[in-house]
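Subject: Structure handover

Hi,

Here is the structure I promised to pass on. Please open it alongside this note, and my findings follow below.

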Amino acid sequence: MPITVKRAIFARPCEQVWEVVTSLTETSWRSDISRCEVIEPGKRFVEYTNTGIATAFTITACEPMRRYEFDMENENMQGHWTGMFYQRGAATEIEFTENVTAKKFFLRPFVKAYLKRQQAAYVSDLKRALGLNIS
């Protein structure tokens, strides 16, 4: 079960970063999904990739501007995501951890590299959504 961790610091207040990350209605900033469907507000939602794969999410923890967690599952994987948010002066530090298991044995060797690539793209998209330069 590969575990990946992505950390980044954004020159924005925690409230602003939290709002962008946890919004299920404004997802146009995400380059990896085409849409998000809220099934049960505050509890369950489904994201659809640009290639049509649906991933179901169940929120397991939500402590505003501190912790956001959910279980996730689609046809290829299942796992858990934890997002931690830390105010650092006028900036926000995030720590996103994913723990995922591939359902198909032939995908298992590629999961960790895939997760790292996804996390890097997510942080890049988030910087752009926050109006920060990408370097």
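E63, R66, R67 and E69 are linked in a network of salt bridges. This is a predicted model, so please read everything below as computed from it. E63 is partly exposed, with 34% relative accessibility. R66 is partly exposed too, at 42%.

Other salt bridges

The structure holds twelve salt bridges. Side chains of opposite charge can pair when their charged atoms come close. Which residue does E95 meet in a salt bridge? The partner is R7, at 3.0 Å from N to O. E95 sits in strand β7 (residues 91–102) and R7 in strand β1 (residues 3–10), so this pair ties together parts that are 88 residues apart in sequence. R7 counts as exposed, because its 52% is over 50%.

R30 and D32 form another salt bridge, with the closest N and O atoms 3.0 Å apart. R30 is buried, at 12% relative accessibility. D32 is partly exposed, with a relative accessible area of 23%.

Around Y48

Y48 belongs to strand β3, which covers residues 44–49. Y48 is buried, with a relative accessible area of 17%. What does Y48 touch, leaving aside its neighbours within four places in sequence? The contacts are I33, S34, R35, E37, I53 and A54. With E37 there is a polar contact, side chain to side chain, at 2.9 Å.

Strand β4 (residues 54–63) pairs with strand β5 (residues 67–73) in the antiparallel sense, over seven bridges. These two strands form a hairpin with three residues between them. In that turn, M65 has a positive phi of about 60°.

β5 also pairs with strand β6 (residues 77–88), again antiparallel and over seven bridges. A hairpin of three residues joins β5 to β6.

D71 is a handy place to look across these strands. D71 in β5 is the bridge partner of T58. D71 also stands opposite H80 in β6.

The whole chain

How many helices and strands does the protein chain have? There are two helices and seven strands. Along the sequence they follow the pattern β-α-β-β-β-β-β-β-α. The radius of gyration is 15 Å, close to the 14 Å that the globule rule gives for 135 residues, so the chain is as compact as a globular protein of that length. The C-alpha atoms fill a box of roughly 45 × 30 × 25 Å along the principal axes.

Buried residues make up 41% of the 135 residues. Among contacts with a separation of 6 or more, 46% come from residues 24 or more positions apart. The accessible surface comes to about 7,700 Å². Carbon and sulfur atoms account for 53% of that surface.

Best wishes

Notes. Residues are numbered from 1 along each chain as its sequence is written. This is a predicted model: local features need pLDDT of at least 70, side-chain atom pairs count only at pLDDT 80 or more; totals for chains, interfaces and linings use all residues. Side-chain values use heavy atoms; hydrogens and water are left out. Helices (H or I, at least four residues) and strands (E, at least two) are DSSP runs, numbered from the N terminus. Buried means under 20% relative accessible area, exposed over 50%, partly exposed in between (1.4 Å probe, protein chains only). Contact means heavy atoms within 4.5 Å. A polar contact is a pair of N or O atoms within 3.5 Å; within protein, one must be able to donate a hydrogen and the other to accept it, and residues adjacent in sequence count only if both atoms are side-chain atoms. Two strands pair if DSSP finds at least two bridges between them. A salt bridge is a side-chain nitrogen of Lys or Arg within 4 Å of a carboxyl oxygen of Asp or Glu. The radius of gyration is taken over C-alpha atoms; the globule rule is 2.2 Å times the number of residues to the power 0.38. Accessible areas come from the Shrake-Rupley method with a 1.4 Å probe; for residues, only the protein chains shown count as cover.
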